[in-house]
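Subject: Structure for you to look at

Hi,

Here is the structure I promised. Please open it beside this email and follow along.

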Amino acid sequence: MASSKRKDKKGRVLRTGESQRKDNIYMYRWTDKQKKRHCIYDTTLEGLRKQEEQIHLDILQGINRDNITLNQMIERYFATKSSLASSTYENYLYYYNHSIKNDVIGLMKVADIRKSDLLLYFSRKSEEDEFSNGTIHILNKIIHPALQLAMDDDIIRKNPADGCMKEYQQESEVKYALSLEEEQEFLQRILLRPRMRRYYPFFAILLYTGIRISEAIGLTWDDVDMSKRTININHQLQYRKINGKMKLYCIDGKKGKADTKTKCGKRIIPMNQMVYDLFVEQRKEWFRIKKDNSFEVDGYKNFVFLSNRTGRNLYPANVRNMLNRFVDMNDEREIQLPHISPHILRHTTCTRYAESGIDIKTCQYLMGHTDVKTTIKVYNHADLDRAKRELEKYSTWQASYANDYTKIYTKMV
């Protein structure tokens, strides 16, 4: 309701709650349902009244213009995501602490964040901090759901993070499995490198079991039952910066959110004869290594796979460097290998499982996938060579029961 007494310096009548300060800035004050007082400001009366209209609309729709910051909303989002895989949670927490929490965007009130604020933030991270598009997407995966939660809580009307990733397209990750020929070439190259030959059981076990690199480096002899021929996957080792220092730490479900990648990640894998023999050889190698007996990670010790140089766990970066060295032998070898990572070995395992006829649910269990779609879409690769092999299997099966009517037809015509 307009007041007949209060006017601005141009003689315009001001509404209830409106005023003009001595510096000519317009101000509007109101009290919310929780009896909290609020103020907004603008350089023009028209701009102020546009904000007022938004406020009145928010009040009518029950939207709570809280003072909660983006940091508080992200922490609330983390607290609600009990099903978030621990490795994903640890990754998100790392980027939140290092790239959002102490940034201006993290300190802003959720109700004040506009899409342009987020676009400027992502642009700054891309150009000034030289973050890759993949890292920008990780930041958005933290911010977007937190703001969506704020929207669901009626703190904001729409999510300002919608559509912010159009400028940051990611290249599709190349997902492939080694062919049978490439697989054999890879194993042969390990044997051709005298100093790296001792790691043959490690790489072959990765290739023939499909366990994750974090599961492998965390494996202890307590997890390997040679009498029952089983491998108990119940924890992982991660290597990340914590309190400014890079360190190994265990995720096993015993300390809050620290759990294996997924619930299905905890599994017992039976050994076939080849894997059993590899563990026998690894045990021999383990006894030859001069071990650091005092070394342990969060209470875990007696790790199966150790560095011959340090007597401690293998580190993921060192494993990747060794794989790169095997690929670098392309100049001296007839068969050329593509880029190989621990995950490519895992892809290869699942593809071999599928080629050998292992049913998809068993394959899902062995790989530790939560969703069978992951097993089918990501790992179960098909190519021309595999199609030919599978067709040969079909032809053999077909010939076992069907008469060759083609020959009969030929004789008839």
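Aspartate 292 sits in the loop between helix H10 (273-288) and helix H11 (316-327). Helices here are DSSP runs (H or I, at least four residues), numbered from the N terminus. This is a predicted model: local features need pLDDT of at least 70, side-chain atom pairs count only at pLDDT 80 or more, and totals for chains, interfaces and linings use all residues. Residues are numbered from 1 along each chain as its sequence is written, and side-chain values use heavy atoms, with hydrogens and water left out.

Aspartate 292 is partly exposed, because its relative accessible area is 23%. The classes are buried under 20%, exposed over 50%, and partly exposed in between (1.4 Å probe, protein chains only). Aspartate 292 touches Thr310, Gly311 and Arg312, leaving out residues up to four places away in sequence. Contact means heavy atoms within 4.5 Å. Asparagine 302 is 10 residues from aspartate 292 along the chain, and their C-alpha atoms are separated by 9.7 Å.

Aspartate 298 is also in the loop between H10 and H11. Its phi is near 50°, a positive value in a residue other than glycine. Aspartate 298 is partly exposed, with a relative accessible area of 37%.

Next, helix H6 (residues 133-152). Glutamate 130 lies in the loop between helix H5 (115-127) and H6. Its phi is near 55°, and at 69% relative accessibility glutamate 130 counts as exposed. Just after H6, aspartate 154 has a positive phi of about 65°.

Now the inside. The largest nonpolar core has 54 residues. Such a core is a set of buried Ala, Val, Leu, Ile, Met, Phe, Trp, Tyr and Cys residues joined through side-chain atoms within 4.5 Å. Among those with the most contacts inside this core are Phe186, Phe202 and Phe279. Helix H8 (residues 200-209) gives the largest share, six residues. A second, separate core of 33 residues includes Tyr92, Leu118, Ile138 and Cys164.

Phenylalanine 279 touches Ile205, Leu219 and Trp221, among others, not counting residues up to four places away in sequence.

Best wishes

Definitions and conventions: Helices (H or I, at least four residues) and strands (E, at least two) are DSSP runs, numbered from the N terminus.
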